[in-house]
Amino acid sequence: MPAAVEVLEVAGREVTITNPGKVFFPKTGHTKLDLVRYYQAVAEGAVRGVAGRPMALKRFVEGAGGEAFFQKRAPQSRPDWIETVELSFPSGRTAEEIVVSDPAQLIWVVNLGCIDLNPHPVRADDLDHPDELRIDLDPMPAIPWSQVREVALVARQVLEEHGLTGWPKTSGSRGFHIYCRIERRWTYPEVRRAAVAFAREVERRAPEIATSKWWKEERHGVFLDYNQNAKDRTIASAYSVRPTADARVSTPLNWDEVAESQPEAFTLDTVPARFAAIGDPAEGMDRTPGSIESLLRLAAQQEASGLPDAPWPPHYAKQEGEAPRVQPSKRRMGDVPPPAPGKSAGPTGRRRTTVPLIEIARAKSEAEARAGLERWRARHPKVWESLAPADVLVDSMRGRSSLWTRIRINLSRVPEGERPPQEALEVDYDPWESERSRRP
């Protein structure tokens, strides 16, 4: 019988690993202890990516195939050598979050079931001034990796023209990240404003392959997610293992590697040897803090030409200068799409729309939702032939403490007489059912 615990000595401290033999990646067979050993092998780079930063704990207690939940508050039961700092959030709430600064703290966090690491872009000693501008390239469905790389190279050019050094890494999923170390002089809104200007400039230079449009219904190609620079947003850090079937890793690259890179090449198995052979390509990031003043001047020029502030995430208060925060399919025009049988609201909520949307699935996991989409596709092959990748809207929705997935389809490209009606959902998950059942 496998040992229930294993005690490791890490950075001069004893760290207990519970259930070390538990399989965390069913397809590859990697266990929890394999995950821990990986982080020990790349600890120098992994700690560098999170050092001194408050961290939201994204816990996969059942492994990569199970449901994740976010834990902002540090566990009450923790060693006295675990550091914390109190953060305030846009909601007005506060929480004491974990701060990792050494390998022992890193491994303690991994033992909680944190497959990837999700730090904030600030240091614990100054929570109001980010020191990272984060560029998140998020491809729409069916967009090839070659297009992601092409947008990344355009992004590099724009950054350099504005006096910033970009440090590239794979996201460990389908996307790409570029971090810029910046001086701690600007607030979150100012850094986000610079990110909006940057995204719009990349879109202007490469309009066929890049977009800064917030609403998924309007996107195409690769989306530059400027809102990752809003307060309380986190991104998987360097050397984070991601909860993918093949245990991919968010891996720092040298720029001369980007054009030929393949995300599937960087996994829990391959990255330790790469790290041992070439070290950390992001090792020098802290030595090159830059200024966003040039991007802020660009933002002022864009605003003077008539561009309003771009939409903020839905749980943020309405911002001064922000355009109406209503997605195109919810504007009060046209007819209300009917809800799926048994549902009180349709695929666009309760507002009117000019966009013919239908809802396919509400699922606990993206895999379940996509399986439902495949069943719908098999029933409607001719409709599917008319759709473009951007017509399939896959939304990661936040429940009380976990994520769930919604899939909708935009039928605008389908001739009106051939559009299928709203049917019963292929997967009908209610993320609030357990909460309702607890109410008296």
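Reader: I take helices (H or I, at least four residues) and strands (E, at least two) to be DSSP runs, numbered from the N terminus. In which helix is proline 272 found?

Author: Proline 272 lies in helix H7, which covers residues 271-278. The model is predicted, with local features needing pLDDT of at least 70 and side-chain atom pairs pLDDT 80 or more, while totals for chains, interfaces and linings use all residues. Numbering runs from 1 along each chain as its sequence is written, and side-chain values use heavy atoms, without hydrogens or water.

Reader: What does proline 272 touch?

Author: Leaving aside residues up to four places away in sequence, proline 272 touches Tyr38, Ala41, Val42 and Thr267. Contact here means heavy atoms within 4.5 Å.

Reader: And how far is proline 272 from proline 144, C-alpha to C-alpha?

Author: Their C-alpha atoms are 27 Å apart, and the two prolines are separated by 128 residues along the chain.

Reader: Turning to helix packing, what describes such a pair?

Author: A packed pair of helices is described by the angle between the two axes and by the distance between them. Axes are lines fitted to C-alpha atoms, for helices over the stretch in contact, with angles from 0 to 180 degrees between N-to-C directions.

Reader: At what angle do H1 and H3 pack?

Author: Helix H1 (residues 32-41) packs against helix H3 (residues 103-111) at about 155 degrees, and their axes are 10 Å apart. H1 and H3 are therefore roughly antiparallel. Angles under 35 degrees count as roughly parallel, over 145 as roughly antiparallel, 65 to 115 as roughly perpendicular and the rest as oblique.

Reader: Which residues make the contact of H1 and H3?

Author: H1 supplies Lys32, Leu35, Val36, Tyr39 and Gln40, while H3 supplies Leu106, Ile107, Val110 and Asn111. By class, that contact of H1 with H3 has six nonpolar, two polar and one charged residues. Ala, Val, Leu, Ile, Met, Phe, Trp, Tyr, Cys and Pro count as nonpolar, Asp, Glu, Lys and Arg as charged, and the others, Gly among them, as polar.

Reader: Moving on to H4 and H5, at what angle do their axes cross?

Author: The axes of helix H4 (residues 145-161) and helix H5 (residues 188-205) cross at roughly 120 degrees and come within 10 Å. H4 and H5 are therefore oblique to each other.

Reader: Which residues of H4 and H5 meet?

Author: From H4, the residues are Val151, Val154, Ala155, Gln157, Val158, Leu159 and Glu161. They meet Phe198, Glu201, Val202 and Arg205 of H5. The classes in the contact of H4 with H5 are seven nonpolar, one polar and three charged.

Reader: H5 also packs with H8; how far apart are the axes?

Author: The axes of H5 and helix H8 (residues 293-304) are 8 Å apart, and the packing angle is about 70 degrees. That angle makes H5 roughly perpendicular to H8.

Reader: Which residues of H5 and H8 make this contact?

Author: On the H5 side, the contact is made by Glu190, Arg193, Ala194, Val196, Ala197, Phe198, Arg200 and Glu201. On the H8 side, Leu295, Leu296, Leu298, Ala299, Ala300, Gln302 and Glu303 take part.

Reader: How do the residues of that contact of H5 with H8 divide by class?

Author: Nine are nonpolar, one is polar and five are charged in the contact of H5 with H8.

Reader: Which residues of H5 belong to both of its contacts, with H4 and with H8?

Author: Phe198 and Glu201 of H5 are named in the contact with H4 and again in the contact with H8.
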